[in-house]
Amino acid sequence: MPRKSEDGRKTGIDSWREETSGPSSKKKEKAKGGRAKARRGKTRRPHNGKKMPQEARRYVSTLVVLVVACIVCVFLFTPLSEKITQGLDISGGVSVIMTASKADGSDVTSDDMATATTIVTNRVNSLGASEATVQQQGTNSILVQIPGATDAESAVDTIGKTGKLEFVKVSDIGDADALAQINAGTEDVELKEGTYTAFMTGEDIKSVTVAQSSTSSSGDYVVDITLNDEGTQLFADVTKELVSTNGKIAIVLDGVVNSAPAVQSEITGGQVEISGGYTQSQAKSLKTVLDSGSLPVTLTYSESRVVGPTLGQDSLSQGLMAIAIGVAIVVIYLFFFYRGLGLLTFGSIGVFGIVYLGILAILSYYGAFALSLAGLAGIVLTIGMAADSSILVLERFREEIRMGRSVRNASLSGVKHGIGTSVDADVVTLVSALALFFIAVGSVKGFGLTLALGIACDIITMFCFKAPALRLLARGTIQKNPRFWGIQEDLDEAAERAAAKEAEKGHGSTVSKADAKAGKGGADNA
């Protein structure tokens, strides 16, 4: 029981406990705790230096990556005349008209022409020709245009060969003169139709490859053929039959004996080698013919010529001059209406052009693109679309400011909605461009390709340049000099709207008070 003095106060240890647990003691402890928290807060306070915010760092990183990509693109397309392939109507090329006929004199059918056109197209594509045109003309003619080619004869030899491969036992050849020439080792002996019977054709070929001959001292190339299962068995049976007499097998291509090796052993692996002192290009041409299959008709060229450009280099220079003048007019227009913000559009067009040319240079390197005048028109169109996208983003940015948003918030929401609208429009145009590319032929196909690539570059530019650049500038640079950046009028309009709104709100509250006072007076009178 606690001890108390005569006046009722606690004494001794009990008095000390009361003092330590009393209100004053609690206040002291609370003060000590507050000082401790202050010290802890002071030690945990971050460094008050000019550290770039994470959001700004992300914008800067995107722009740095874009700059590096642009430098690589400049390296890829410089010089333009060498790195970007030019089409037939700009640099010239080979134009060939071939007429189809049948060996038996029968009429050429539409199915025969469709098959022949497909095979010729495959052969032209295998040559690595870009922007080449293969079109059927009339009922029995095929027009082939190959940009950049200069040797019409070699092109016709490759694309116009019938490609009929046959394997013939020399003992079955009925032409005595041809047989004597083959036995004497004469090359390219022509066999007359009906004087021989083939035991196997090119239909039994599984794959064709080109390799350098291991037995030739001059580095000649050979064409290696792999047969399918049926052809392998058939070739094995024939070689088994001829091995005892070292009989010969003639390899006949389009009625001409390519080679006639003697059978030294039974061949069961299905591997056949065609040798004839070929260079690498000749061996590849033969591979192209064998890969595409034999033509159902015989093609003879009725006209073959090396053509110059239809409009020529002068037209190309005039087209490039038109592009430069158009871009200059657009830039002047943007500076007049958007002032400093026009720099962003000018920069976006520059980035767009650099990335675009880099992609065209890569495609040209791999033989997938050749610039034609129709393709040049597609490029001009996409440059206008890129400028239009920039204007759309800038207008939405300014509209957000006029609605009362801060410059920074307007850059976030305005760019987001502006790019979204622009991408929607680009996707619609992209569908049309892809339809032209996959369905159309010739120069229209090139127009579709350049249009589609331009749309892709525009989307890349919007996300990698327009958005981060505008948002980065909106964090302070634009606000410091709004008149230069062309948003002073927008800020003034936003202020006027806010003032009018406040005035309307104040007028409404005054009217409400007057009405309330009038109502109260009426009640008192009543």
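Visitor: What makes the pairing of the Thr 239 side chain with the backbone nitrogen of Ile 267 a polar contact?

Guide: In this predicted model, a polar atom of the Thr 239 side chain lies 3.1 Å from the backbone nitrogen of Ile 267. A polar contact requires N or O atoms within 3.5 Å, so the pair qualifies.

Visitor: Why is Thr 239 called buried?

Guide: Its relative accessible area is 0%. Thr 239 belongs to helix 9, which covers residues 229–242. Beyond its neighbours within four places in sequence, Thr 239 is in contact with Ile 249, Val 263, Ser 265, Glu 266 and Ile 267.

Visitor: Which residues touch the most other members of the largest nonpolar core?

Guide: They are Leu 341, Phe 397, Leu 470 and Ile 478, in a core of 47 residues. Helices that each supply at least two residues of this core include helix 3 (54–77), helix 13 (373–402) and helix 15 (442–473).

Visitor: What does Phe 397 touch, not counting residues up to four places away in sequence?

Guide: Among the residues that Phe 397 touches are Leu 341, Leu 470 and Ile 478, as well as Val 407 and Ile 487. A second, separate core has 23 residues, including Phe 199, Ile 249, Ile 251 and Ala 283.

Visitor: How do you know that Asp 175 reaches the backbone nitrogen of Asp 177 at the start of helix 8?

Guide: A side-chain oxygen of Asp 175 comes within 3.2 Å of that nitrogen, and the cut-off for a polar contact is 3.5 Å. After helix 8 comes Gly 185, with a positive phi near 85 degrees.

Key. Residues numbered from 1 in each chain as written. Predicted model: local features only at pLDDT ≥ 70, side-chain atom pairs only at ≥ 80, totals over all residues. Heavy atoms only, no water. Helix = DSSP H or I, 4+ residues; strand = E, 2+ residues; numbered from the N terminus. Buried < 20%, exposed > 50% of the residue type's maximum accessible area, 1.4 Å probe, protein only. Polar contact = N/O pair within 3.5 Å; in protein donor to acceptor, adjacent residues only side chain to side chain. Contact = heavy atoms within 4.5 Å. Core = buried A, V, L, I, M, F, W, Y, C linked by side-chain atoms within 4.5 Å.
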